Amino acid sequence: MKKVLLVVALLFVVFIAFLYWSVKSTPETTTYGKVIHNDTIESIDFKSHDSIVIAASTLYTGDPVKRVMQGEQYRKAWETPIKVPVVYLDTLFGGVTITKEGGGKQTHSLKLECKNNIQYTLRSINKDPEALIPDLLKALSLENIVVDGISAQHPYGAILVAELAKYANVLSTHPKVVFIPKQETLGDTYNEKYGNRLFLLEYETESETNWTALKDVQSIVETDDLQELKQELKDSVFIDERQLVRARLFDLIIGDWDRHAKQWGWVLQKENGKLKAIPIPGDRDNAFFKAEGLIPSLLSNENIVPRLRPFQEQIKYMPGLVYPFDRYFLLQTPESVFIEEAKALQNVLTDNQIEAAFSVWPKAISDLDQSEIKDIVIKRRNAIVDYAIAFKKEIDNKGGLTAPLKGSEDIQLSEALQRCFSCE
């Protein structure tokens, strides 16, 4: 028994030693891109360039110990240079106005408005995980576990998702990768934080002006506004259940595990005197999420962080993928709709179309990650009917809500409308 305890203690010491070795190999917490063949990004006159060759980040470069402990992830994609357009806000779409600063715990973002009142957003590709680092990890000097976790996100996953969504007949915000140099339009308020960085430029999931291809659109609203409209107009507001089911099954295929209520917009389309709400998924940071290595594999265990679902050939823990959002909007949707939409996805997302979607990536990125991602997407698509049934069963098992949706905490809703969208 003593020998067993000694071996366990020795293995623990070795694990801790390798852990600190891996986190100390990259002490920084944030980088904003590396320009190729230039000493510093500050030395470039971007007005003389319409594009730039830049790597998203070299922060995630790791030695063999880091790769064992914290995984290979998408490190090579982050550090691979690609050519992206240089964008100045005073000429973008004829000139845009910064309306406000947004963003979540990791993403820095700016809301933009065009002269035709269409809303856009700039979402940083590089993340700032400072707000996510627990005090305990800071005290133990293990912040890099969280910082390095960003390498599990593909820096250009969102643009691939948008192309796949086109074939799947799911709406998207049409993100494009752009470089925003320091410029007068950013001013003193935003230049240091947002200048000389890579962004996704995409449509906002909230807009008074219709930017979609849909007809008879009144406006595009966020989830909390949709709830208030439902309370006011009752049965005159309804959601396109089939389109939402399709969008959520598409999420399962691409492995996007982070789908809470604030990441959705709704196109309000006039139909027979009523308003039909058609979902627009936003924020695709966690599609194709890789969780390799000892630490990420441990954290993504269903008993540790059940919502942290890795992008693997099989979905192994469906409860972690069902959000309060799903229970709220799809509780009363029949299982038959899930099965029918799953079969429809199998028909429209053919192997050839999945292959074609990767054309939106630069060749250097496709060479790195296309083969693996394509194979997993195809395998998940092939099994999506079974996943659809399991997904619906989990929604039914959990039932309606007993607490407000995320982002709707301050809305005074009836008891029935707080439980589910169609409960009233």
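The questions and answers below concern aromatic rings and the charges over them in a predicted model.

Because the model is predicted, local features need pLDDT of at least 70 and side-chain atom pairs count only at pLDDT 80 or more, while totals for chains, interfaces and linings use all residues. Residues are numbered from 1 along each chain as its sequence is written, and side-chain values use heavy atoms, without hydrogens and water.

Q: How many aromatic pairs does a search of the whole structure find?
A: Rings of Phe, Tyr and Trp (its six-membered ring) pair if their centres lie within 6.5 Å; planes under 30 degrees apart count as stacked, over 60 as edge-to-face and the rest as tilted. Searching the whole structure gives a total of 18.

Q: How many residues apart in sequence are the parts that the pair of Phe46 and Phe179 ties together?
A: This pair is tilted, with 4.8 Å centre to centre and 45° between the planes. Phe46 lies in the loop between strand E1 (34-35) and strand E2 (51-55), whereas Phe179 lies in strand E7 (residues 176-180), strands being DSSP runs of E with at least two residues, numbered from the N terminus. The parts so tied together are separated in sequence by 133 residues.

Q: Is Phe179 buried or exposed?
A: Buried means under 20% relative accessible area and exposed over 50%, with partly exposed in between (1.4 Å probe, protein chains only). Because its relative accessible area is 0%, Phe179 is buried.

Q: Which ring has Lys47 over its face?
A: A charge sits over a ring if NZ of Lys or CZ of Arg is within 6 Å of the ring centre and within 35 degrees of the ring normal. At 4.2 Å from the ring centre, Lys47 lies over the face of Tyr88.

Technical notes: Helices (H or I, at least four residues) and strands (E, at least two) are DSSP runs, numbered from the N terminus.
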